[in-house]
Amino acid sequence: MIKAIVVFNNHGKPRLIKFFQHYNEDMQQQIVRETFHLVSKRDENVCNFLEGGSLIGGSDYKIIYRHYATLYFVFCVDSSESELGILDLIQVFVETLDKAFENVCELDLIFHVDKVHYILQELVMGGMVLETNMTEIVTRIEEQSKLEKSEAGLAGAPARVVSAAKNLDLPKLPSNIQLPNLPSFR
Amino acid sequence: MALKKVKGSLERVFDKNLHDLVRGIRNHKDDEAKFIAQCIDEIKQELRQDNIAVKANAVAKLTYLQMLGYDISWAAFNVIEVMSSNKFTFKRIGYLAASQSFHEETEVLMLTTNMIRKDLSSQNQYDAAIALNGLSCFMTPDLARDLANDVMTLMTSTRPYIRKRAVLIMYKIFLKFPEALRPAFPRLKEKLEDPDPGVQSAAVNVICELARKNPKNYLSLAPVFFKLMTSSTNNWVLIKIIKLFGALTPLEPRLGKKLIEPLTNLIHSTSAMSLLYECINTVIAVLISLSSGMPNHNASIQLCVQKLRILIEDSDQNLKYLGLLAMSKILKTHPKSVQAHKDLILQCLDDKDESIRLRALDLLYGMVSKKNLMEIVRKLMVHMDKAEGSMYRDELLSKIVQICSQNNYQYITNFEWYVSVLVELTRVEGTRHGSVIASQMLDVAIRVKAIRAFAVEQMAQLLENSHTVASSAQRNGICEVLYAAAWIAGEFSEHLRDPRGTLDDMLRQKVTSLPGHIQAVFVQNIMKLYAAILVKYEEDEDNDGIREVSDLLVEKLPMFVQSGDLEVQERACCILQLMKYVKKLQDKDVSCADEVAALFAGELNPVAPKAQRKVAVPEGLDLDKWINDPPSDSSDDEGPANSLFIPDDSRMMNESMTRPVVEELSDDELERRREARRAETQNNPHYLKLGASAKGSKYQEVVNVEDIPVANIDLSVPLYVPVTENSPQSTKRLSDKYLEAERQARKRDKKRRHGKKSKRRHKSESEEDVPVVHKVDIMGGEMPEGATESGDEGNLELDDNDPHKLLDIDLDRPLDADEKLPVRTHRIVSPSAEDRPVEEKKKHHRKDKEKEKKRKEKEKKKSKKEKKRNKSGDDSAHPSLLIATELMSPGHEAIPSPGEEEEVAPPSAPVKKDTTPKKEEPKDDLDFWLSGQDAPVAVEVTAPEPGAAADVDSDAEDTSRHKKKKEKKAKKEKKEKKEKKEKKKKSKVANDEDVDSGRRDGFEELNSDGPPLPPMSSYRLLAEDSNIKMTYETRVQSQQGQQLIVSVIFTSLAEQHLKSLEFNVMDSLNTKMDRLPGATTHDGVPVPFQLPPNSFNEGQFAFQVQSINVAQKLRGTLTYTIKTEESSTSEKLDFKLYLPCTAFLIATPCSSDAFARLLQGGELSSKYSIKLSSGGAPFSHVLAKVCFYGHFAIVEQIDQSASLYSCSTQGHHICLLVKANGGGDVSIDGKCADGSLLSNVMEEIKVTAS
C-alpha cells in the first residue's frame, strides 16, 4: 500500500499532496516539511530509498523518491510494495505528466494541480496501484478532457477567452523536467 | 435558456478562478496569509450563490488551499453540493475536494450514500470512476456497509475501467466492513482470471493485501496464484504474487519446494531487476521455511547470494541498497554464505550514502570475528564522530553494542577494551541509548569477574566527571550510565582505589538534578561505600576519618530526603536514620563497622530472565487449586465489608508504615481488600481503566500480586533451576573453552593491541603488564541475558487496533444462508412482519437487522425528499400495501437497465456455495497439488485447473441462470454437483491417476451443455414511451395463497425530473390491487418516489387473486408529470399487465420418492401433454428454461429426460416429465389435480421455453 504521495519543489513548497491515510492539515504540512528535510539533504547520486521519518512511517514504511529538475516526487509505501516497482511508478507518473502537459515543468504543476490529481487518480487508487500502462492512462485523461470540454460548450466560451487573456502575462517557463530512463523495470 | 447560462458565466468571469488564486498567492509573497484570508472570504461568498459553476470554482480553490495547509472542513457541505452536480466537470471537482479533505469522522458523509450510489450506477463510466476514486479515500463503515452490494455489482461491469476500480475498492470495504469479505470473496477470486490484465492485477493486489496480514486464510489460493505466476507476463502482477508467496511459504513448507524451481527459472530469465529482486527475496523466504534436507538447497542459496553480490556491486545505489537488504535476510539462516562476501559489505560501510551504510550495519553482526571485531568497532567509532544526525549515530551505537554483546560476548577477547569502548560511548552527544550502555556495563561488570577492578576504576572516573554528563543538555539519555556507574562503584567498592573520593563525587549537589531512579541508586550505594570506608578506617584505627565521613553523610543526606521522588526520599530517610544511629554508637566509641558492612554482605548474582519460569514446582503443590475456597457471594456482604474495611485498612496502613508486611492476612481480609480496591478504582474517574477484555483476568492478577503477603523463603533449600540441553548455557561453556584456547594462542597479539588502546584512552601504563583472565563468568542457575530471547520472534501478532485483525476470516468455510451483503431492502409497510415476502427477509443480514433499523431511522432524517417519502409510507396503514423505496442499484435483481447491458447477477447467487464437500475440496486440492512433487510439474499445474475452472464456470452460470427466487432450484443442482464431487473423491482414494481424468470428466460434464445458456430474465417489459420504461416481475410466497406482488422497475428515459407517478390497474373480478385505505377502485396507487433523469427505481404493488388457474390480463395506466424548469406536463402511459399461471408456482424441491408417491397416489387426475421444438438448443437449455420460466424444480434427471415438480401458492402439485425426442423435439407430459391450471401452465411453458 502507498501511504502518501507528495510532490514538492527544491524549496520544500508542496505542489501536490495526496494522503491515503487521514492526517489533519497541520500534520500534513509537518510531514511535508520533515520529508523535505530528509530528502533535500541527500546527494544526487545516492539511493532513492529512505527509512521513513518519525512522523510518517514506522519500521514497515519506506520513503521512495525521485528528483526531477526542480521537483521531488516522494512516495511513502509499506513493505508490500516493490521498491523498484514504485520507482518505476514514479517514472510512469512523470512521463504521463510530460505527455499530458507537453514538456511538463513546475509551473504546470503549480497552475494545474487539479489536473495532476486527475492523472494521479488514473495511476493509483486508495493507495493501491491501479494502472501502469501509459497509453491507457493518457487515453483516459484525454477522453475526460473531451467530456469536460463538451460540457463547457457555449457557456464556457467566455470564461475560456478571459482565462486565455489572463494567461498572456505568464512568466517564462523554467526548463523542463528531464526524464532519465529507468533501465531496471521494463 | 442558453442566454441565461451565458449570462451566468459572464458574471463568473469576474470571480477569481484557480489560476488567479495561484497567481495571486505568488504575487503576494510577503503577505500571503492576509491575501489567502481575503480569498477565503471571497470563497465563502461564492459558496453562498446558487450557481453551481460558481460553487465548483470556489471548491476548486479550496482544494488548492487545503494543499497549503488550510483546514477546509467547514465547506464540507458545499463540497457535497458540488459532488452532486450532474455535470462531470463539477462532479470531478467536488470529488477531488472530498477525497482530499474528507475522512472517516466527516459527519456530512452520511448524507452522501444515495448520491454515491447514483454515481456508481451512472451510465457515464467516468462518473462511476470518480465516485469510486473518491470513495477509496473516504470510506466509512456506514458507506462500506451500504455500498458493498453496489460495488459487488460493479465488479461484473462490462467495462474493465470500472471493474478494476470496483475490485480495488473492495479492499477498503473489507477494512471497514469485515462482514463483506466472505460473501464477496468468491467473486473476487473469479476476478483473478479476468480477461483484462488491469482487473486481474487489481484482484491480485487486493488479495495480496489481505493475505499479507492473514496469510493462512489464503493458502488455498496457492494453486491459482501458481498458475498465474507461471503464465502471467505482467511484472506488476508477478511481483505481487511472488511477494504473496513469500508470505505464504512460512505456513506451508511444501509450497516452498514447489516454488523453488519456477522462481529459479525466473531469476535466470528475467531482465527486470525489480522482478529479479523479489524472486530472490521469496526464494530466501522459502529457504528459511524449509528445515533443510533439500539436496539442491545450497545451490539456491549460492545463486541468491551471487545475484545479490551483482546487485551490491552495481553502480546503481538503489540496487546496492536492496542487495544489502536481501542479504541481511539470508544472514539469519545461512551466515556462512554471506560471510564469504565480507569484503564487499565492509566496503559498503564506507559508502557515502547513509541508507546504504545503515543496511551494511545490519549485516555487520554476521561479519565480525574475534580477529576483526576491534577493528570494525573502531571503524564504527570513527563513523560516529563524523556522523551528523542523531538517528544514524544512535543506530551506530546500538550496532556496536549489538555486535560486541552478541552470542554472549562471543567475539570479545579483551573485556578491558570493551569497557573502555563503553565508557567512550558515553561521550556520544545526544544519544538516547544511555540505558543500553548502562545495562552493558552492569552486565559485563557482574558477569566478568576479572574485569571488575578495571570496570570499577572506570566507573569511578565516570562518577568524577558526572557533572559533565549530568549537566549536558540531553542528559535524559546518557545520564542512565550513572546508574550503572554508581551501582558498580558501590557494589564492588573493594576495588576502588580512592573510595573516599568517589564518595565525595557521589554526594555532590549536582546529583539531585538526576532522575529519581538514578538518585535512588546513588543513595543506596553511598551507604555501601560508607560501609566499605568504615571497615577500612576501623582497620587503620583512623577515628578522625570515621567521624569526618560520618558527619559528611549526616550533613549531605538531607538533600536526598527533600527529593520529590518517593523512592529516593524513602531510602534517604531510612539511611539517614541509620546513620544517626551509627553516629550515636560511634560517639560512644563502639565500633560498628562490621555490623554496617553486614547490611550489604553477600554477593548479588545475576538472575537469568527465564530463571523464574524454570523453578520446578515442588511436589504436592497444585497451582490451580484454590488455596482458600472462593467467596460464596460477594454482592451480599459488600455493605458490611465496606464499612468494616475502612478502619481495618487504616490500621493496616499504620502497621505497614512501622514494620514490613510479613504478616499473614486472612483470606477474608484479602478478598475484602481486593473487592474494595476494585470498587474504588471502578468509581474513581482518575483511574485509568483497563479494556473490557483485560478487566477479567489481567487486572485481577495485578491486584493479587500486590496483595500477596510476603513470606520468608527458606534459603536452606537452594533454588534448583533445571537447564535444558540446548540452553545457551551449554553453548557458552563451549565458547568459553574456545575462548580459553584461543587466548593462549593469541596472547601476545592481544596484549599488544590492548596496550595500545589503554595507552590511548586512560594512560594507565601499569595495567599493560597485567595478564587478565577475562572470563565470562557463569553463576549458578544464571542464564545469559538476551541470548535466547532474540531468537524466537513468535508469530506476527496483529495489533488490536489493526483493522486487519477483523479480517482474519476463514474463507474456505462455505457460506451460511444468512451470510450476505446487506442489500437495501424494500420497505414494506405492513402491520405484521409475516406480510413480508420471504425473499425480502432473506436479504436482511442477520447481524445487521438491528443496525439496519437504526440506519433507516437515520436515513429518515437525511433528506427532505426521503422524509416526504417516509411520510407517505407512514400514512398508509393499509395492510400489506407494498411501497417501493429508495433508489436502487442496478443489478439488485437482474435488471436490464440501459446502463448495464450485461447480465447482472443477484447478489446472493454467486455467494451461495455448496455445503460440506466444498469445504474439503480446496484443502484437498491444495494437499494434492502440493504433495505431487514427484510427478512432472506440468501435470501438477494443470491438474487442478479444470476443476477450478469448472467451479468458476458453473458458478457463473448459476449466477446468470437463476434468479434469487430460484435458489432452491440452484441448491438442487448443486446437490447433484456435490454427488459428483463425492464420486470424484472416492475415485481419488482408489487411484490418484484417476483423479485427473475424473476431474476432467467432471469438467466436461458440467460444461456438456455446450454453448452457455442465453441470458434469462424474469423481468418483462410492461410498457414504454419516450420518457419512461417499466419492466416488471411477479413474486409470490407460499403462505400467501392469494397474494401476488408485482415489482415494477421504473426507468427514466427523460432529460427531466419525473414526478407524481401514479400506478393504476383496473381490477377484474378475480384480481384486485391493494390500494390506500379509503381509495376507490378508480384511484391509482401513488409511486412513492420521483425519478431524476437517467435513474431507475423499483416499486412494488400487491394484488389479491381469487383463482389462480387462469392467466390474468389487467389493463392499467401510469400517470406522471414531467417537470421542467418552467412548466410541468402530465403524461399517461397505458399498459397491460399479464399475470400468467406460472406466476403462482413456486419451485419446490421434492425427493424422487415423494414424487413417485404423488404420481401413484391417483390424486393427480388430470393429464396434459405438449410438444415443443427446441430449435436446436441442447436439452439442458430447454430444461433450464422450463425450470426458470415455469418455476419448476428438477426432481431427477436421467440422460435426456427429467422429472420436474412445482407447487402452486394454493397447494396444487404439478408434476412434469420432460423428454427429448430425436430431432430436437421435446415432449412434456404433465399431471395435476386441477386440469385447467395444468393446461394453462403447460401452454405458457410452451410459449416461453421454445
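How many salt bridges are there between chain B and chain A? The count is eight, where a salt bridge is a side-chain nitrogen of Lys or Arg within 4 Å of a carboxyl oxygen of Asp or Glu.

## Ground rules

This is a predicted model, in which local features need pLDDT of at least 70 and side-chain atom pairs count only at pLDDT 80 or more, while totals for chains, interfaces and linings use all residues. Residues are numbered from 1 along each chain as its sequence is written, chains are lettered from A and ligands numbered from 1 in the order in which they are written, and side-chain values use heavy atoms, with hydrogens and water left out.

## Where the chains meet

Let us start with the interface. Here 73 residues of chain B are in contact (heavy atoms within 4.5 Å) with 72 residues of chain A. The size of an interface is often given as the accessible area lost when the parts come together. For chain B and chain A the buried area is about 6600 Å², with 55% of it from carbon and sulfur atoms; this is the accessible area (1.4 Å probe) that the two parts lose on being put together, summed over both. On the side of chain B, M67(B), R92(B) and W236(B) lose the most area to chain A, and together they make up 12% of what that side buries.

One of the salt bridges joins the side chains of E136(A) and K164(B), at 3.8 Å from N to O. The side of chain B that touches chain A has 31 nonpolar, 21 polar and 21 charged residues. In this scheme Ala, Val, Leu, Ile, Met, Phe, Trp, Tyr, Cys and Pro are nonpolar, Asp, Glu, Lys and Arg are charged, and the others, Gly among them, are polar.

## The two chains

Chain A has five helices and seven strands, in the order β-β-α-β-β-β-α-α-α-β-β-α along the sequence. Helices (H or I, at least four residues) and strands (E, at least two) are DSSP runs, numbered from the N terminus. Of the 186 residues in chain A, 59% are buried, that is, under 20% relative accessible area, with exposed over 50% and partly exposed in between (1.4 Å probe, protein chains only).

Chain B comes to 52 helices and 17 strands, and 54% of its 1250 residues are buried. Among contacts in chain B between residues at least 6 apart in sequence, 71% join residues at least 24 apart.

## Residues worth a look

E102(A) lies in the loop between α2 (83–101) and α3 (106–111) of chain A, and counts as exposed because its relative accessibility is 66%. D589(B) sits in the loop between α34 (566–587) and α35 (593–598) of chain B; at 64% relative accessibility, D589(B) is exposed too.

Finally, D1225(B) belongs to strand β17 (residues 1225–1232) of chain B. Its relative accessibility is 30%, so D1225(B) counts as partly exposed. D1225(B) and S1173(B) are 52 residues apart in sequence, yet 4.4 Å apart in space, C-alpha to C-alpha. Leaving aside residues up to four places away in sequence, D1225(B) touches L1172(B), S1173(B), K1219(B) and A1220(B).
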